[in-house]
Amino acid sequence: MNSEKLSNRLATVAKYIPEGAKFADIGSDHAYLPCFAVQSGKAISAIAGEVVDGPYQIAKKQVELLNLQEKISVRKGDGLEVISLGEVECITIAGMGGTLIAKILEDGKEKLQGVRRLVLQPNVGAVSVRNWLIRNNWELVAEEILEEEGKIYEILVAEPGDPFLPYGGTNRDASLLMGPFLMKEKSAVFVKKWSNELKSWQKILENLSRASDTPENRRRKDEFSRKIKLVEGVLQNEKSERV
Ligand code: SAM
């Protein structure tokens, strides 16, 4: 696995693995990330965890192909059950929904003692990850947003600390949804992501306005209206700051 073959998304996740760390990549699939991190010298060793047999076999083959068996242990199992307490300093979980990432962390909570960094890349629903981090005293220390092959990805980096620190001085609901660091930075990719979300929510709201007036539809309308207001507020701010 060389850097040309690694996606920008996974290369950005790798960037946040502490130098010389032993880390676990949960839901590793092809094990590209552990192979890259170990081959490049960023990590000294890694565990590639996979719950599904097909990807687990692919990960094993990839590690054997690169002759990295001594440094990368490929293990089959659900979430953090593949690691023992104190075995790794860093955990990466990439390419899944935010709800699943939060569930994996919640289910394996006791294994997080001694872990000093989490690098999480939810494909959707980053808000679930941010909520989990707050509830469990993990402080967001960095966020990145990037676009690759027409998709936009967010990467969240957290360490044990003050979970509220990054949210100080921000609208909490907006920053939980959009990311406190990303909101401050307001990159072009960030503006693109949330402008697209706005358009799709506005369409849903229009459809809901035409649908029958049931309690469930009313609840959904309120929820979308609230989110639209939050995101419009942040994007409006962006426009006025750039005028
Ligand atoms: N992490 C790689 C990446 O970002 O390119 C692969 C992402 S792939 C879309 C998600 C992988 O997570 C799948 O191979 C799936 O089997 C695995 N997975 C899902 N739930 C899991 C769990 N609870 N424990 C371990 N692996 C899981």
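Reader: Why is Asp173 called partly exposed, rather than buried or exposed?

Author: In this predicted model, Asp173 has a relative accessibility of 43%; buried means under 20% and exposed over 50%, with partly exposed in between, so Asp173 counts as partly exposed.

Reader: What makes the pair of Arg226 and Asp173 a salt bridge?

Author: The N to O distance between the side chains of Arg226 and Asp173 is 3.8 Å, and since the cut-off for such a pair is within 4 Å, the two side chains meet in a salt bridge. This pair links distant parts of the chain, with Arg226 in helix α9 (residues 215–242) and Asp173 in helix α6 (residues 172–178), 53 residues apart. Arg226, at 39% relative accessibility, counts as partly exposed.

Reader: What makes Glu19 and Lys42 a salt bridge, and is each of the two residues buried or exposed?

Author: The closest N and O atoms of Glu19 and Lys42 are 3.8 Å apart, which is within the 4 Å that a salt bridge requires. Glu19 lies in the loop between α1 (8–15) and β1 (21–26), and Lys42 in the loop between α2 (32–39) and β2 (43–50), so the pair ties together parts that are 23 residues apart in sequence. Glu19 has a relative accessible area of 61% and is exposed, because the label applies over 50%, whereas Lys42, with a relative accessible area of 16%, is buried, because that label applies under 20%.

Reader: Why is Leu182 called buried, and which residues does Leu182 touch?

Author: Leu182, placed in helix α7, has a relative accessible area of 1%, and because buried means under 20%, Leu182 is buried. Not counting residues up to four places away in sequence, Leu182 touches Arg130, Glu143, Glu144, Ile145, Glu154 and Phe190. The C-alpha atoms of Leu182 and Glu154 are separated by 9.0 Å, although the two residues are 28 residues apart along the chain.

Reader: Why is Thr12 called buried, and what is Thr12 in contact with?

Author: Thr12 lies in helix α1 and has a relative accessible area of 11%, so with a cut-off of under 20% the residue is buried. Leaving aside neighbours within four places in sequence, Thr12 is in contact with Glu144, Leu146 and Ile155. Arg9, Leu10, Val13 and Ala14 are among the other buried residues of α1, and the buried residues of this helix pack against α2, β4 (90–96), β5, β6 and β7.

Reader: Which residues of helix α5 are buried, and what do they pack against?

Author: In helix α5 (residues 126–135), Ala126, Val129, Arg130, Trp132, Leu133 and Ile134 are buried. The buried residues of α5 pack against α4 (98–107), β5 (117–122), β6 (138–148), β7, α6 and α7 (180–185). Just after α5, Asn137 takes a positive phi of about 60 degrees.

Reader: How do you know that the radius of gyration of the chain agrees with a compact globule?

Author: For 243 residues, a compact globule would have a radius of gyration near 18 Å, and the chain has 19 Å, which agrees. Buried residues make up 51% of the 243 residues, and residues 24 or more positions apart account for 66% of the contacts with a separation of 6 or more.

Key:
Residues are numbered from 1 along each chain as its sequence is written. This is a predicted model: local features need pLDDT of at least 70, side-chain atom pairs count only at pLDDT 80 or more; totals for chains, interfaces and linings use all residues. Side-chain values use heavy atoms; hydrogens and water are left out. The radius of gyration is taken over C-alpha atoms; the globule rule is 2.2 Å times the number of residues to the power 0.38. Buried means under 20% relative accessible area, exposed over 50%, partly exposed in between (1.4 Å probe, protein chains only). Contact means heavy atoms within 4.5 Å. Helices (H or I, at least four residues) and strands (E, at least two) are DSSP runs, numbered from the N terminus.
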